[in-house]
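The sequence and the model come first.

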Amino acid sequence: MARPRIEWLDSLRGLAMFFVIFGHAWALPAWGKMLIYSFHMPLFFAISGAVFRVSKYDRLRDCALDKAKGLLLPYLLLYLVNIPLQLISFGVFANTFYSPQDLLLGFLTGSVMGNSACWPLWFLPCLYLVSVLFWMLARLEVRTKAPLWLTVSLVFALGVAIWELAPGQGLLHWKTVPMAMLFYYLGHAFMKHRESVFRAIDYDAGRKCRQSLRFFATLAILLVAGLWMGWLNGKISMMSNIYHNYGLMLGSACCTSLALAMVTMALPKVRMLDFAGKNSLGFFGLHRNLLHGIENCTLNFPLLGSNALVATAVVWAVLFPLCAFGNRFFPPLVGKWAKPMPKAAVASKA
């Protein structure tokens, strides 16, 4: 039986998606990119961990196949859709052409080699690896009583050693998996212990905007601390495994992510954020070439070509009908699948 969706979590994913698009805008100042990069991808991995259910799968094969259908197949479909988009946004408007061999290599390696038709899609194969490995570690906890926090910490420590000895990305960004796994675990642990967290921050789900002074004071402290640590640490990149100071990176990502989660907890339902959150796969996979296509073809128009917020708003508006179209006519493109009909309904039809 499917669990009911948590509205503030959908809105949080939508808010994170806005920051991803905004952070990829060329006109955004370097300091803006630095602050957004300090939390946007860690937040996405944490949200993915928050909604992951270990009990959904009895066997590794079930988990691997289901996640392949939900992540790897959309990766393939979105990559194919992005090839003509990339040709227009970079080839036609910027005279930058990639060879078929380069595009194929970019797809097979997750953008590590060759030239990818859509760089942000690296997230999907990496998330696939994280999800399957996390399920294995969670099952190991059940069978051997090895604490999940300990095995995740060991994987993270191994990752740090690998980054220091052999910097780089690794095919399909496997070297990013240890850091991504840590945020995935933190999101999973947050949802598991959310009632305790809610008491600690004095969150009342029934009050929405009328939260306590302690709630808003905690939110402000977390946001300021997170952005301050991100500023001190400089621009990071999970895609390229560039983290600088690990303590500042983890502190910044965790504080800012929790602050943004508190924002969406306190707000009433925002339909735009909710829709973007529920369709984040389509937003994630289509925004890059749309954004840079607009920027490339409007360089002589200051309002669009040199204004990151306006360009982001235009892309945001275009993505709504595109994702609605995908939901209606080609759901697998945006990670949606027809739900199986209940057995009782099947029997009644027969």
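A residue counts as buried under 20% relative accessible area, as exposed over 50%, and as partly exposed in between (1.4 Å probe, protein chains only). The model is predicted: local features need pLDDT of at least 70, side-chain atom pairs count only at pLDDT 80 or more, and totals for chains, interfaces and linings use all residues. Residues are numbered from 1 along each chain as its sequence is written, and side-chain values use heavy atoms, with hydrogens and water left out.

**Overall fold**

The protein chain holds 16 helices and 0 strands; helices (H or I, at least four residues) and strands (E, at least two) are DSSP runs, numbered from the N terminus. Along the principal axes, the C-alpha atoms fill a box of roughly 60 × 55 × 45 Å. The radius of gyration is 20 Å, which agrees with the value near 20 Å for a compact globule of 350 residues. That radius is taken over C-alpha atoms, and the globule rule is 2.2 Å times the number of residues to the power 0.38. Of the 350 residues, 50% count as buried. The accessible surface comes to about 17000 Å², and 69% of this area belongs to carbon and sulfur atoms; the areas come from the Shrake-Rupley method with a 1.4 Å probe, and for residues only the protein chains shown count as cover. With contact meaning heavy atoms within 4.5 Å, 75% of the contacts between residues at least 6 apart in sequence join residues at least 24 apart.

Helix 13 (residues 280–297) has 18 residues and should span 26 Å at 1.5 Å a residue; its end C-alpha atoms are 26 Å apart, which agrees. The expected span is 1.5 Å times one less than the number of residues. Helix 13 also bends by about 45° at His 287, where the bend is the angle between axes fitted to the seven residues ending there and the seven starting there. Of its 18 residues, 17 are buried.

A nonpolar core is a set of buried Ala, Val, Leu, Ile, Met, Phe, Trp, Tyr and Cys residues joined through side-chain atoms within 4.5 Å. The largest one has 100 residues, and Phe 123 and Phe 283 are among those with the most contacts inside it. Leaving out residues up to four places away in sequence, Phe 123 touches Met 41, Phe 44, Phe 45, Ser 48 and Phe 284.

**Helix 2**

Helix 2 (residues 30–37) has 6 of its 8 residues buried, including Lys 33 and Tyr 37. Cover for its buried residues includes helix 1 (7–24), helix 3 (40–50) and helix 10.

**Single residues**

| Residue | Relative accessible area | Class |
|---|---|---|
| His 173 | 0% | buried |
| Lys 208 | 27% | partly exposed |
| Ile 221 | 59% | exposed |
| Asn 241 | 11% | buried |

His 173, in the loop between helix 7 (148–165) and helix 8 (177–192), has a positive phi near 60°. The phi of Lys 208 is also positive, near 50°; Lys 208 is found in the loop between helix 9 (194–201) and helix 10 (213–233).

Ile 221 is found in helix 10. Its C-alpha atom is 15 Å from that of Trp 231, 10 residues apart in sequence.

Asn 241 is placed in the loop between helix 10 and helix 11 (246–266). Asn 241 and Thr 176 are 65 residues apart along the chain, while their C-alpha atoms are separated by 6.2 Å.
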